[in-house]
Amino acid sequence: MAMGLPRLVAVAFTLLSLLSTLLPLPLSLAGEITSIESVPDLQKLMYVAVDGYPCVRLLNLSGEIGCSNPGLSKVVAPIIKLKDVRDLVQPHTVLVTADEMEDFFTRVSNDLSFASKIGGVLIESGSSFQQKLKGLSPDKMFPQAEFSPYKNVEYKWNPMASSIMWKAYNFPVYLLSESGISAVHEFLSKKDMKHNTFTSDVAEFNMVMETTKAGTHNSEACLQEGTCLPLGGYSVWSSLPPIDVSSSNNRKPIVLTVTSMDSASFFRDRSFGADSPISGLVALLGAVDALSRVEGFSNLKKQLVFLVLTGETWGYLGSRRFLHELDLHSDAVAGLTDTPIETVLEIGSVGKGLSGGINTFFAHKTRVSSATNMTLDALKIAQDSFASKSIKIVSADKTNPGIPPSSMMAFMKKNPQTSAVVLEDFDTKFVNKFYHSHLDDLSNINSSSVVAAASVVARTLYILASDRKDSALGSIHVNASFVEELLACLVSCDPGLSCNLVKDYISPTNTCPGNYAGVMIGEPSSKPYLGSVSDVSRFLWNFLAEKTSVQKGNTTSVCSKGSCSRTDQVCIKAESNKEGTCVISTTRYVPAYSTRLKYADGAWTILHQNTSDSMGMVDPVWTESNWNTIGMQVYTVQHSAYDNAVLVAGITVATLAYVGIMVAKSFIRKALKQD
């Protein structure tokens with residue numbers, strides 16, 4: 001017995017040593033963990049949350065676009081770089097760089113066999129790709145051509161277009177943030193250390209869309225089932241000086257200045273739209289700021305009205321709804337319905353006008369008319385008023401089929417006699433090579449170009465409103481520092497909406513200005529619940545209300561609950577301060593959503609087509625799928641072969657242990673009998 005037990009122990013240790021040699025522990029559990037004190041500690045070691053921006057599922061009357069998990073559960077797939085893809089046997093998560101993005105999604109659309117092997121996609125991007133890319137625009141050659149007021153809808157305004165954002169992908173797609181890129185690369189860098197550990201690095205996507213779960217694959221079906229919401233938001237308009245809404249006497253002709261606040265991209269929350277269209281928005285705000293310091297606007301011959309639209313990327317929702325509200329004489333446009341709009345100046349993309357020290361902008365006109373000629377003349381006079389001669393206004397090429405994609409298309413479809421000029425930084429085609437791309441960020445524009453546009457617009461509007469061409473123009477100056485601050489607030493995440501300028505007016509709910517239109521929440525109203533209004537819309541409303549306001553007798557009153565006692569007053573800065581200030585201003589919210597939609601009894605319904613509404617006949621009626629949570633993480637999993645080997649080894653060890661016990665018992669019995 002004294003000899004048998006040591007032999008038995010030695011055999012057991014030999015078996016365990018052999019087993020540990022054949023089946024080494026995964027690196028994540030055998031070499032990295034030093035101290036685990038709680039379940040969260042273990043989770044942090046096992047799972048790495050990855051920050052980024054998802055591509056989501058959008059729907060219209062005819063189908064779907066965008067991205068979603070294909071089923072009702074999370075997607076888990078091994079990570080592989082696109083350059084390493086050969087013949088995939090099972091679905092993988094493919095790591096794609098920005099310069100590979102267009103070709104990759106084009107192949108997915110054209111090669112169903114390849115698409116079936118895609119479990120998910122991670123996009124690696126950044127400022128370095130902007131320099132080496134010739135262009136990246138996921139939009140169409142002629143964006144929203146169905147709303148064109150002219151017949152040549154094959155014209156290529158956007159030569160860099162790939163149209164990849166207008167297709168449906170039945171797998172999740174995630175644009176990695178800078179921290180997300182670092183996390184994924186750090187995770188994958190350990191792969192060489194783990195080549196003998198029977199493990200795989202996988203990405204887990206939690207991007208299940210409610211429309212996928214419910215099987216509602218178009219806007220009509222999902223609205224009926226309540227699995228989606230219509231795209232839209234709130235446009236803002238304001239007048240300088242304020243309009244006396246209580247009286248229709250002595251109304252002046254309106255000079256309307258229009259721009260947009262929303263953009264789009266392949267990724268929902270990464271739609272900065274720096275050049276297209278936010279440069280135009282900032283130029284307008286810079287012009288309004290400059291004009292607010294000019295005395296005597298109440299004595300001018302014409303009424304200036306500023307209109308900032310949202311939802312323009314998705315069927316010109318803002319402009320079409322604004323025109324519809326004018327037809328309805330609704331409260332949202334009170335003060336505008338009884339006065340003719342004499343001319344319209346739209347400020348489009350103006351962030352890339354600088355070249356060779358000269359800021360050049362192109363004037364695209366809707367038609368030949370006295371009002372249009374008046375606007376063109378005012379632009380030329382404003383150009384000549386600058387001593388530096390660094391601003392140049394050029395009439396657009398006459399061979400163009402018409403105005404470029406812009407809000408004026410909706411105005412022209414509504415009324416072909418609209419007299420308007422669209423100011424852009426391009427002539428025959430977009431110069432923004434990242435149109436509607438996540439790369440259209442602050443580094444894609446030049447702030448001096450935006451300052452120049454704001455300067456020429458401010459003086460042009462003064463000329464149009466006053467019919468004066470004297471030395472007073474020289475006193476109208478745009479604050480360049482203010483424009484640069486606005487750009488940092490509205491086109492970047494640092495400081496983004498947490499900048500002091502925005503926080504002086506509102507309490508923002510987000511830091512990064514996604515500039516995506518968003519969805520309509522609750523009942524549309526000209527006095528909406530502010531919780532359903534985007535940060536940017538609320539900021540614009542407060543900013544314009546202050547800059548266009550007047551105060552009688554230099555007296556102000558406090559508004560603690562967001563309302564003022566007088567009907568001609570509005571309460572500004574009530575969010576950022578405990579007590580807001582009442583000022584005399586005509587500033588309004590206008591709901592922006594499809595004219596084919598109606599909200600009643602807490603639900604949205606689609607109205608029947610009206611053959612007299614040409615734009616309604618082609619309205620896609622865009623909606624966005626609901627979802628519970630969206631997220632992504634990476635971690636390491638064992639191969640099934642490893643699990644099977646562990647099972648077999650376990651059975652083997654158990655069998656050997658059983659045999660060993662039986663042998664030991666036999667030895668013990670013999671030893672006892674001998675004793």
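A: **Helix packing and what surrounds it**

Helices α13 and α14 are oblique to each other. Oblique is what remains once other angles are sorted: under 35 degrees is roughly parallel, over 145 roughly antiparallel, and 65 to 115 roughly perpendicular. This is a predicted model, in which local features need pLDDT of at least 70 and side-chain atom pairs count only at pLDDT 80 or more, while totals for chains, interfaces and linings use all residues. Residues are numbered from 1 along each chain as its sequence is written, and side-chain values use heavy atoms, with hydrogens and water left out. Helices are DSSP runs of H or I with at least four residues, strands are E runs of at least two, and both are numbered from the N terminus.

Two packed helices are described by the angle between their axes and the distance between the axes. For α13 and α14 the angle is about 120° and the axes are 10 Å apart. Axes are lines fitted to C-alpha atoms, for helices over the stretch in contact, and angles run from 0 to 180 degrees between N-to-C directions. The crossing of α13 past α14 is right-handed. Right-handed means the near helix is turned clockwise from the far one by less than a right angle; anticlockwise is left-handed. Ser 447, Val 450 and Val 451 of α13 meet Ala 480, Val 483, Glu 484 and Leu 487 of α14. Contact here means heavy atoms within 4.5 Å.

Helix α14 has another partner, α9 (residues 274-291). Their angle is about 140°, with the axes 10 Å apart. This pair is oblique too, and its crossing is right-handed. From α9 come Ile 278, Leu 281, Val 282, Leu 285, Gly 286 and Asp 289; from α14, Phe 482, Val 483, Leu 486, Leu 487 and Leu 490.

The largest nonpolar core holds 89 residues, and Leu 285, Leu 291, Leu 304, Leu 490, Phe 539 and Leu 540 have the most contacts inside it. Helix α13 (residues 447-466) contributes the most, 13 residues. Such a core is a set of buried Ala, Val, Leu, Ile, Met, Phe, Trp, Tyr and Cys residues joined through side-chain atoms within 4.5 Å. Buried means under 20% relative accessible area, exposed over 50%, and partly exposed in between (1.4 Å probe, protein chains only). Beyond its neighbours within four places in sequence, Phe 539 touches Leu 285, Leu 486, Leu 501, Val 502, Tyr 505 and Ile 506.

Cys 493 and Cys 512 form a disulfide, S to S 1.9 Å; the term covers a pair of cysteine sulfur atoms within 2.5 Å. With 130° about the S-S bond, this link is right-handed. Cys 493 sits in the loop between α14 (480-490) and α15 (500-503), and Cys 512 in the loop between α15 and α16 (535-547), so the pair ties together parts 19 residues apart in sequence. Both ends are partly exposed: Cys 493 at 24%, Cys 512 at 32%.

For contrast, take Cys 559 and Cys 571. Their sulfur atoms lie 1.9 Å apart, and both residues are buried. The link is right-handed, with 85° about the S-S bond. Cys 559 belongs to strand β20 (residues 557-559) and Cys 571 to strand β21 (residues 569-572), so this pair ties together parts twelve residues apart in sequence. The count comes to six disulfides.
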